[in-house]
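Me: I would like to learn how to read the features of this structure one at a time. Please start with the general idea, then turn to the case at hand.

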Amino acid sequence: MKLLYADDTLLVLDKPGGLLSVPGRGADKQDCLAARMQARYPDALIVHRLDMATSGLMVMARGAAAQRALSKAFAAREVSKRYIAVVQGRPETPPQGWGTIDLPIIVDWPNRPLRIVDHRLGKPSLTRWRVLGQAEAGSCTRVELEPVTGRSHQLRVHLRELGHPILGDALYAPPDVQAQAERLLLHAWSLRFVHPVTGEELGFESPAPF
């Protein structure tokens with residue numbers, strides 16, 4: 001875990017894959033990014049999360065006022081987040097460069113924590129995406145993703161529904177696709193937002209480790 005930025009209002013971190021964002025249930029799931037940062041910054045509070053298997057950039061607030069301000073910015077979609085993923089197959093490049101996946105998502109209650117697309121009960125979920133490049137063999141494709149909404153597992157579910165699950169995805173990819181990588185190939189590489197106190201535009205980048 002790398003600390004990229006720290007001031008009296010917020011922290012920006014680069015979370016490794018395999019580390020929980022917040023504590024889970026059980027004594028074996030207490031080690032997490034939040035706990036590690038609170039050991040150094042007792043006022044550090046979670047604003048958003050990354051799946052345990054996802055790596056990349058996260059912001060934490062310092063104190064309740066900063067948490068409220070940053071949470072409000074996320075809710076108002078004033079925070080720009082972009083991800084890199086490697087997916088199975090060769091998705092067709094959208095005509096305008098960027099395409100959209102607009103499919104409502106809901107918790108699959110009998111199979112939690114899985115999510116499913118449900119056109120009647122699901123919450124609106126929108127992802128922008130584009131092709132960055134394809135492997136010479138054509139078996140997989142690198143894509144950039146921009147979640148407009150922030151549903152749990154949104155990118156993983158949307159890409160699965162597109163017919164191109166993420167390599168190494170233990171939840172949503174078939175066994176042969178899951179086996180193609182030792183980890184989920186999904187990384188939050190870019191994070192941009194306005195500082196809630198200074199008004200400065202902040203931007204951070206973290207190259208994908210795959």
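Reply: A helix is a DSSP run of H or I with at least four residues, a strand is a run of E with at least two, and both are numbered from the N terminus. The model shown is predicted. G163 follows α3, and its phi is positive, near 95°.

Me: Where does H153 lie, and what is its phi?

Reply: H153 sits in the loop between β10 and α3. Its phi is near 65°, positive in a residue that is not glycine.

Me: Is H153 buried or exposed?

Reply: H153 counts as buried because its relative accessible area is 11%, and the cut-off is under 20%.

Me: Which peptide bond is cis?

Reply: The bond from R112 to P113 is cis, with omega near 10°. P113 belongs to the loop between β7 and β8 (115-117).

Me: What is the volume of the largest pocket, and which residues are closest to its centre?

Reply: A pocket is an open set of grid points, whereas a probe in a cavity cannot get out. The largest pocket has a volume of about 1,600 Å³. Its lining has 44 residues, and those closest to the centre are R49, D51, R151, S152 and H153. Two or more lining residues come from each of α2 (64-75), β5, β7 (105-107), β10 (140-147) and α3. By class, the lining of this pocket has 20 nonpolar, 12 polar and 12 charged residues.

Me: How many cavities of 30 Å³ or more does the search find?

Reply: The search of the whole structure gives one. The volume of the largest cavity is about 40 Å³. H48, L50, L57, K81, Y83, A188, S190 and L191 line this cavity.

Me: Which element gives the largest share of that lining?

Reply: That is β11, with three residues. Strands β5 (80-88) and β11 (186-194) each supply at least two lining residues. Sorted by class, the cavity lining has five nonpolar, two polar and one charged residues.

Me: How many disulfides does the structure hold?

Reply: A disulfide needs two cysteine sulfur atoms within 2.5 Å. The structure holds zero disulfides. As for burial, C32 is buried, with a relative accessible area of 0%, and C140 is buried at 17%.

Me: What should I look at for aromatic rings?

Reply: A pair of aromatic rings is described by the distance of the centres and the angle of the planes. Here there are two aromatic pairs. Ring pairs join Y5, F193 and F204 in a cluster.

Me: Which residue lies over the face of W98?

Reply: R128 does, at 4.4 Å from the ring centre.

Methods. Residues numbered from 1 in each chain as written. Predicted model: local features only at pLDDT ≥ 70, side-chain atom pairs only at ≥ 80, totals over all residues. Heavy atoms only, no water. 1 Å grid on protein atoms, 1.4 Å probe; cavity = no way out; pocket = protein on both sides within 12 Å on 5 of 7 lines; lining within 4 Å. Points joined across faces, edges and corners; volume = space filled by probe spheres on them. Nonpolar A, V, L, I, M, F, W, Y, C, P; charged D, E, K, R; others polar. Buried < 20%, exposed > 50% of the residue type's maximum accessible area, 1.4 Å probe, protein only. Phe/Tyr/Trp six-rings, centres within 6.5 Å; stacked < 30°, edge-to-face > 60°. Lys NZ or Arg CZ within 6 Å of the ring centre and 35° of its normal.
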